[in-house]
Amino acid sequence: MAERGTDRVKRGMAEMQKGGVIMDVVNGEQAKIAEEAGAVAVMALERVPSDIRAAGGVARMADPTIVQEVMDAVSIPVMAKARIGHIVEARVLESLGADYIDESEVLTPADDVYHMDKSEYTVPFVCGARDLGEATRRIGEGASMLRTKGEPGTGNIVEAVRHMRLIQSQIRKVIGLSKDELMTEAKNLGAPYELLLQIRDRGRLPVVNFAAGGIATPADAALMMQLGADGVFVGSGIFKSEYPDKFARAIVEATTHYEDYELIAKLSKGLGTAMTGMDISQLEGFDRMQDRSQ
Amino acid sequence: MMKIGVLALQGAVREHAKSLEAPDTEVIIVKRPEQLEEIDGLVFPGGESTTMRRLVEKYQFFEPLQAFAKAGKPIFGTCAGLILMATDVVGEPEGHLELMDMTVQRNAFGRQRESFETELSIRGVADDVEAVFIRAPLITEVGQDVEVLAEYKDEIVVARQDHLLSCSFHPELTNDRRFHQYFVQMVREAQTAVNV
């Protein structure tokens, strides 16, 4: 008997992406450039995060035409974003055949209290997390993959670094706790106890955790890998740079060989201008995308 | 002591390394072509075949890997690894490393929603091997030197050609290590053959 949509099938899909780069694209042509450059998957969007910021207003699921166009253009997996809590957008993307859904704070949340019950879907989900509590709550809801939230569309790595470091240090702490200390830690983190127990026993998260939000250069990608990321998402960084094709290739290589500094030096030469960055302290309230969900 | 490498350009490297762990086996994470000289067998893990192929070429792995296979050293390709090993890929002008005489079709089952797990009967291994298929390829044709070890719904999913083994699913995603043990035994036999 063949079984679809099991945890192993959904989480396994993300395992295959490890050590790779997932790139944001807004049309088939960009998707082809990403695939050629060695991306392990693409995220089909109507606008990249920095343009979502610039445009303002409500950001929603991409027009299905775009998702379809991207799926037709490449043979690598295609991901797409649904608004937090928007069950119908997620079902629509699933019916289109998207390979992964990002329940994403980059879009304007549809539900400001609840995330979706992702265990109900055949398609796997990725969700953002800033700390271990958020990470385990999302896994508890059925997310098969995690990513740091960072601060999308800023080209500023500082928040992704903060989130990755915090999650890693909280995992190390959990591993060192005795069983009787774990329940209080679960309360403090707002984390499901059973998942913390699993993390303590296995010594790591039960799903892969990618870096996302603000990665703008090959060195940024390598930095996140050194901090313990399983792979990276690059949003605005590639197609907002001067030479996307060259930039995409350089980021893929820096992610594979993240400890080879001579290679990263070589890759970083003559790449042209990276995307224009943004100081995150300029952002307030709703403009801080990472604060849009808990 | 056997040394078995896992090609670590991208994909499920850690899981394969874990599945191969044994008292008489040292697992080597292979990131550079010169590391091939120190190992007795190699696993091509699952991942994205287009990404892996690009990195194989970029880091001058292409010829060393072909030489490795020619020297009679066992290779085990899973999912994307199987695609790299085939002489022909449906819809593409040529194969990649062209190590095994067979034609494969990428994403043969469809998109991720069609991915599944099942129990598989593999000749020489067991009749209840746990198999996770993720956007899996299929072997559509094999040459006369290739032995079919397993089929799923009449389609070929495991094949062997002498010291080369490939499958379209992911044995590394389960705790069922019997298929990895089968490959380890192939490496052991190849090693004995060399020593005699």
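Predicted model: local features only at pLDDT ≥ 70, side-chain atom pairs only at ≥ 80, totals over all residues.

User: Great! At what angle do helix 12 and helix 13 of chain A pack?

Analyst: Helix 12 (residues 244-256) and helix 13 (residues 261-268) of chain A pack at about 175°, and their axes are 10 Å apart. Angles over 145 degrees count as roughly antiparallel, so that is the word for helix 12 and helix 13 of chain A.

User: Which residues make that contact?

Analyst: Helix 12 of chain A brings Ala250(A), Glu253(A) and Ala254(A), while helix 13 of chain A brings Leu263(A), Ile264(A) and Leu267(A). By class, five of these residues are nonpolar, none is polar and one is charged.

User: How far does helix 12 of chain A reach from end to end?

Analyst: Its 13 residues reach 19 Å from the first C-alpha to the last, which is close to the 18 Å expected at 1.5 Å a residue. The buried residues of helix 12 of chain A include Phe247(A), Ile251(A) and Val252(A).

User: Nice. What about helix 7 and helix 9 of chain A, at what angle do they cross?

Analyst: Helix 7 (residues 158-176) and helix 9 (residues 193-202) of chain A cross at roughly 85°, with axes that come within 8 Å. The range for roughly perpendicular is 65 to 115 degrees, so helix 7 and helix 9 of chain A get that label.

User: And who touches whom there?

Analyst: Ile171(A), Val174(A) and Ile175(A) of helix 7 of chain A meet Leu196(A), Ile199(A) and Arg200(A) of helix 9 of chain A. That contact has five nonpolar residues, no polar ones and one charged.

User: Switching topic: in what order do the strands of the open sheet run?

Analyst: The order is 1(A)-7(B)-8(B), three strands with antiparallel pairing. Strand 1 (3-4) of chain A and strand 8 (126-133) of chain B are the edges, each pairing on one side only.

User: How many bridges join strand 7 to strand 8 of chain B?

Analyst: Six bridges join them. In this region, Glu119(B) stands opposite Glu130(B) of strand 8 of chain B.

User: Last one: is Gly5(B) buried or exposed?

Analyst: Gly5(B) counts as buried because its relative accessibility is 0%. This residue is in strand 1 (residues 2-7) of chain B. Leaving out residues up to four places away in sequence, Gly5(B) touches Ile28(B), Val30(B), Ile39(B), Gly41(B), Leu42(B) and Val43(B).

Methods: Residues numbered from 1 in each chain as written. Chains lettered and ligands numbered in written order. Heavy atoms only, no water. Axes fitted to C-alpha atoms, helices over the stretch in contact; angles between N-to-C directions. Helix = DSSP H or I, 4+ residues; strand = E, 2+ residues; numbered from the N terminus. Parallel < 35°, antiparallel > 145°, perpendicular 65-115°, else oblique. Contact = heavy atoms within 4.5 Å. Nonpolar A, V, L, I, M, F, W, Y, C, P; charged D, E, K, R; others polar. Buried < 20%, exposed > 50% of the residue type's maximum accessible area, 1.4 Å probe, protein only. Expected span 1.5 Å × (residues − 1). Pairing = 2+ DSSP bridges.
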